[in-house]
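The exercises that follow are meant to be worked through with the sequence and the model side by side. Try each task before reading its solution.

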Amino acid sequence: MSTEISALNHRPVIIGGGAAGLMTALQLAPEPVVLLSKAPLGAEASSLWAQGGLAAAMGDDDDPALHLADTLAAGAGLCDEAIASRIVQAAPAAVEHLARLGVAFDRWPDGGWRLGLEAAHGRNRIVHATGDGTGREIMRALIAAVRRCPSVTLLEGVEARSLIVEDNAIKGVIAVNAQGPLVIDTGRVVIATGGIGGLFLDSTNPAGCFGQGLALAARAGALLADLEFIQFHPTAFDGPSRPMPLVTEAVRGDGAILIDDSGQRFMADQPGAELAPRDIVARAVWRRRAEGHRVFLDARKHPGAEFAKRYPVISAFCKMAGIDPAADPIPVRPAVHYHMGGIAVDSEGRSSVDGLWACGEVSRTGLHGANRLASNSLMEAIVCTQWVAASVTGASHDPLKARVADAPAPASDPSAIRPILSQGLGVLRDRHGIERAIRSLHPLANGRSAAADPVLVGLMIAVAAWRREESRGGHFRTDFPDVLPSAVSSSISLADALDAARDIAETGSLFAGSAQP
């Protein structure tokens with residue numbers, strides 16, 4: 001193995017086998033790259049579970065300016081308008097690129113795009129595949145393309161445990177496989193590890209997505225941004241399966257309504273009703289459940305008898321639970337779905353550490369702001385890879401000296417902190433709950449235990465949430481329910497978070513201040 005690994009030195013290393021990682025590897029071709037995936041490709045990628053699709057202005061009645069306006073409105077003042085504009089402008093070409101790679105998007109008999117509608121979109125602009133299996137179809141095509149791409153060396157079952165950094169510059173990756181530790185000397189690393197849902201008890205993300213990329217970047221000294229903004233999907237299937245199956249927003253776009261166990265349609269009087277932005281719908285469902293009610297998505301009239309044909313994936317898991325969506329309401333509840341925050345990156349995906357890029361959900365580009373617009377995530381991951389790849393290719397990569405690396409950290413286990421974060425950083429938050437979470441996490445932050453990396457990510461999220469004394473998008477404080485007049489993005493380093501957590505844990509009286517970077 002050592003001979004094989006040494007032959008891979010000095011190549012760009014991509015960490016993560018989801019849509020962002022795979023697409024970055026393809027965009028870098030023909031430059032030789034190394035792609036690390038801790039699980040077999042697709043096994044732990046949130047992309048695989050994406051049902052809704054990609055948002056792109058493909059319709060005759062649509063254009064990127066309208067898509068941008070909807071994105072900015074959902075983002076609650078925290079989107080970077082220039083970045084968001086650049087990304088949505090590139091979205092239609094990205095869809096065409098995926099189609100050329102073999103993604104079989106749904107089309108009408110005349111070849112036109114069959115476009116869906118989702119919450120907070122003013123037009124039908126959701127490009128989907130096999131009804132509700134878009135992520136699975138995209139991953140199928142990308143995995144096949146990567147496996148046949150001669151410039152990509154794919155290392156499955158290899159997990160990156162830490163980055164080697166000297167003078168704020170990447171020098172290598174320490175990883176582990178079944179045979180033991182290995183070191184890849186490289187000055188160029190792309191983190192594409194996905195989200196943080198695995199840090200919570202109820203999530204639509206695979207359990208293996210628990211912020212490893214955020215921990216890698218934070219320990220390397222990178223700045224992270226907007227970590228407090230976590231999107232809870234309002235309609236995860238309320239059952240024992242983990243990850244929780246998603247009942248895609250497209251079902252509500254087709255006319256399904258939310259009811260409680262008494263049959264009351266409790267969203268009827270809200271602006272946008274069931275198609276209000278996700279944070280609003282999630283809070284309404286959360287509150288209804290807190291009042292002692294169960295909540296259901298009623299698709300019996302719309303789409304009704306067409307349900308199984310239009311949504312075969314959802315229909316299949318409902319059938320396994322003894323539910324026929326054409327005849328029975330579907331039990332739903334909010335679950336952690338997407339992280340708007342992440343590694344702070346510029347328009348080319350570069351972090352604050354030289355030689356470190358990030359792409360996909362693990363990054364914070366400025367597109368999503370405080371509340372991601374439906375189906376903008378897969379689109380962002382695909383679009384941004386071209387700019388990341390161009391930046392990686394253009395970066396200097398002088399030969400590196402061979403080095404002796406520290407022993408790798410142990411494999412992470414987030415199970416101990418899931419109850420803590422679920423309790424303190426749920427759909428509704430307050431100062432006391434956040435402080436309890438910080439005090440519970442802080443004693444676990446030291447050392448090299450299996451909980452260390454998940455704890456650090458959880459602490460950084462909690463400190464960011466504690467500091468933001470307002471309610472905006474996916475971050476709702478019951479003790480600060482109003483939106484501040486000015487929208488300010490947050491920024492945090494690991495050292496900053498640990499200092500703040502120590503003060504909170506020891507005194508609980510540190511002045512929170514405002515949501516300043």
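This is a predicted model: local features need pLDDT of at least 70, side-chain atom pairs count only at pLDDT 80 or more; totals for chains, interfaces and linings use all residues.

**Exercise 1: a second pair**

Work out the orientation of helix 4 (residues 81-100) and helix 11 (residues 376-394), and describe the contact between them.

Solution. The axes of these two helices come within 9 Å and cross at roughly 95°. Helix 4 is thus roughly perpendicular to helix 11. On the side of helix 4, the residues in the contact are R86, I87, V88, A90, A91, A94 and L98, and they meet M379, E380, I382, V383, C384, Q386 and W387 of helix 11. By class, the contact has 11 nonpolar residues, one polar residue and two charged residues.

**Exercise 2: the surroundings of one residue**

Is I330 buried or exposed, and which residues is I330 in contact with, leaving aside its neighbours within four places in sequence?

Solution. First locate I330, which is found in strand 15 (residues 330-339). Its relative accessibility is 0%, and because buried means under 20%, I330 counts as buried. Once its neighbours within four places in sequence are left aside, I330 is in contact with F237, V247, V295, F296, L297, F307, C318 and P325. For a separation in space, take N124: the C-alpha atoms of I330 and N124 are 24 Å apart, while the two residues are 206 residues apart in sequence.

**Exercise 3: the whole chain**

Compare the radius of gyration of the protein chain with the value for a compact globule, and then describe the chain as a whole.

Solution. A compact globule of 517 residues would have a radius of gyration near 24 Å, and the 22 Å of the protein chain agrees with this. The C-alpha trace spans about 65 × 60 × 40 Å along its principal axes. The chain contains 15 helices and 19 strands, and 60% of its 517 residues count as buried. Finally, among contacts with a separation of 6 or more, 73% join residues 24 or more positions apart.

Methods:
Residues are numbered from 1 along each chain as its sequence is written. Side-chain values use heavy atoms; hydrogens and water are left out. Axes are lines fitted to C-alpha atoms, for helices over the stretch in contact, and angles run from 0 to 180 degrees between N-to-C directions. Helices (H or I, at least four residues) and strands (E, at least two) are DSSP runs, numbered from the N terminus. Angles under 35 degrees count as roughly parallel, over 145 as roughly antiparallel, 65 to 115 as roughly perpendicular and the rest as oblique. Contact means heavy atoms within 4.5 Å. Ala, Val, Leu, Ile, Met, Phe, Trp, Tyr, Cys and Pro count as nonpolar, Asp, Glu, Lys and Arg as charged, and the others, Gly among them, as polar. The radius of gyration is taken over C-alpha atoms; the globule rule is 2.2 Å times the number of residues to the power 0.38. Buried means under 20% relative accessible area, exposed over 50%, partly exposed in between (1.4 Å probe, protein chains only).
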